[in-house]
Amino acid sequence: MRILHTSDWHLGRSFHGADLTPAFEQWCDYVVDYTKSEKIDALLIAGDVYDRGIPPVAMVDLLSDTLARLLDHTHVVMTSGNHDSPRRLGFASALLRRSLSIRTDPRICGQAVEIPDSEGNTGAFVYALPYLDPDVERRRLSSDPEQALARSHEAVMTAAMARVYGDISAHSSSQTVPRLAMAHAFVVGGEPSDSEQDLHIGGVDSVPSGVFAPPEGVQPLDYIALGHLHGPQKIGSDTRPLMRYSGSPIAFSFSEQHHHKSSVLLDFSARHASAQAQDASCGFGVELVPAPVFRKLATLQDNFENLMSDRYLSYADHYLRIIITDDERPQNLVARLRKLFPHLVEVRHELAMEQVKAQHIATKRQDPLEVIAGFFEASGGRKLNAAEMAYVQHVWSEQGKGAELQ
């Protein structure tokens, strides 16, 4: 069995106002071609398929076309994330053919999706958990309808995993078949980026990794396919079961500019049992497969003259955040930068600031106009010129007259 773990496609998101449609199209073409050429038995999409509950029509069409092409040669298991609308994403899920499973209802998380192997036999079981909103699921997942679970991510995830391990315990005769779970959550130990949505409920936004451990006497899952965090990463060093975030296939913030976007290829065939396993203790092959890069990200920080010189021309095709360090803001700054950098999406003007201790300031003995002039010099990086100082004096004088009239 060869299974590809992905998550957080976020179809429909933009990047600082830039249209990412070509990047989404590139990713969808890539994943279709890769699953076909590498003979992938199942593709997992662990939540946040869309970027919002009501996605753009173009993205609905893109997903529909992509799924149609994928189902010609592989199985797809897809869950809803915190950005998705479970009701909309899961529409008609009960009517879907066997090769496509969309799980958006946590109440059936104890019912595994059966993935057949190339010979038509059961090759793997996947327990697909959608995002669990504590406010919605604390009653639906409670074993007692009259008693709601605690209002926390840990409580609802614990209840969901109890259903998963209850099913595993009931079907212990088939333990030789790989068993995986999908979950969309912030697991303790994960490293977030700036583009994930905050999951705080009651002041707690995360679940401990121990929630995914089996009860005593029950065989653990082989792998937890996590979604939500956009950086690819493993949770824990010797955690069993093995837990990984595949990360998003596309960068959505400058905090991700150094990410190596990828998906996770799991190979449960005997010939990969140890030779290619990055985590030898898990007993199967684990490989990070690089995702295609539509456009690189970079942050440049320098004075305007240097930025307009030839030294940064190699960044012309990047999505850029530029930080200008000149004392004065150059005129027509953004327009002039965009002539060299057409994919500029963010510009900042930052000055070197000097911290002044309160005890060194004696405002009572100073002329108010001197204080104002000193403030402008400290924050603007230069002294006010004669015309500017005359205007400040005029405004100060007018303010004084107004106070006298009151």
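This is a predicted model: local features need pLDDT of at least 70, side-chain atom pairs count only at pLDDT 80 or more; totals for chains, interfaces and linings use all residues.

Reader: Which residues touch the most other members of the largest nonpolar core?

Author: A nonpolar core is a set of buried nonpolar residues joined through their side chains. Here the largest one has 39 residues, and W9, L11, L20, F24, V31, L43 and V76 touch the most other members. Two or more residues each come from α1, β4, α2, β5 and β6, with α1 giving the most, 7 residues. Domain 1 (2-290) and domain 2 (297-349) each supply at least three residues to this core. Apart from it there's another core of 31 residues, including L132 and M161.

Reader: Okay, what about S14: buried, exposed or partly exposed?

Author: Buried means under 20% relative accessible area and exposed means over 50%. S14 comes out at 38%, so it is partly exposed. This residue is found in strand β2. S14 also lies 10.0 Å from S253, C-alpha to C-alpha, although 239 residues separate them in sequence.

Reader: And how do I read a sheet? What is the strand order in the open sheet of 3 strands?

Author: Look at which strands pair up. The order is β15-β16-β17, with parallel pairing; β15 and β17 are the edge strands, each pairing on one side only. β15 and β16 share 6 bridges, and Q301 has I323 in β16 as its bridge partner. Helix α7 packs on this sheet, touching β16 and β17.

How values were computed: Residues are numbered from 1 along each chain as its sequence is written. Side-chain values use heavy atoms; hydrogens and water are left out. A nonpolar core is a set of buried Ala, Val, Leu, Ile, Met, Phe, Trp, Tyr and Cys residues joined through side-chain atoms within 4.5 Å. Buried means under 20% relative accessible area, exposed over 50%, partly exposed in between (1.4 Å probe, protein chains only). Helices (H or I, at least four residues) and strands (E, at least two) are DSSP runs, numbered from the N terminus. Domain bounds come from an automatic or database domain assignment. Two strands pair if DSSP finds at least two bridges between them. Contact means heavy atoms within 4.5 Å. Axes are lines fitted to C-alpha atoms, for helices over the stretch in contact, and angles run from 0 to 180 degrees between N-to-C directions.
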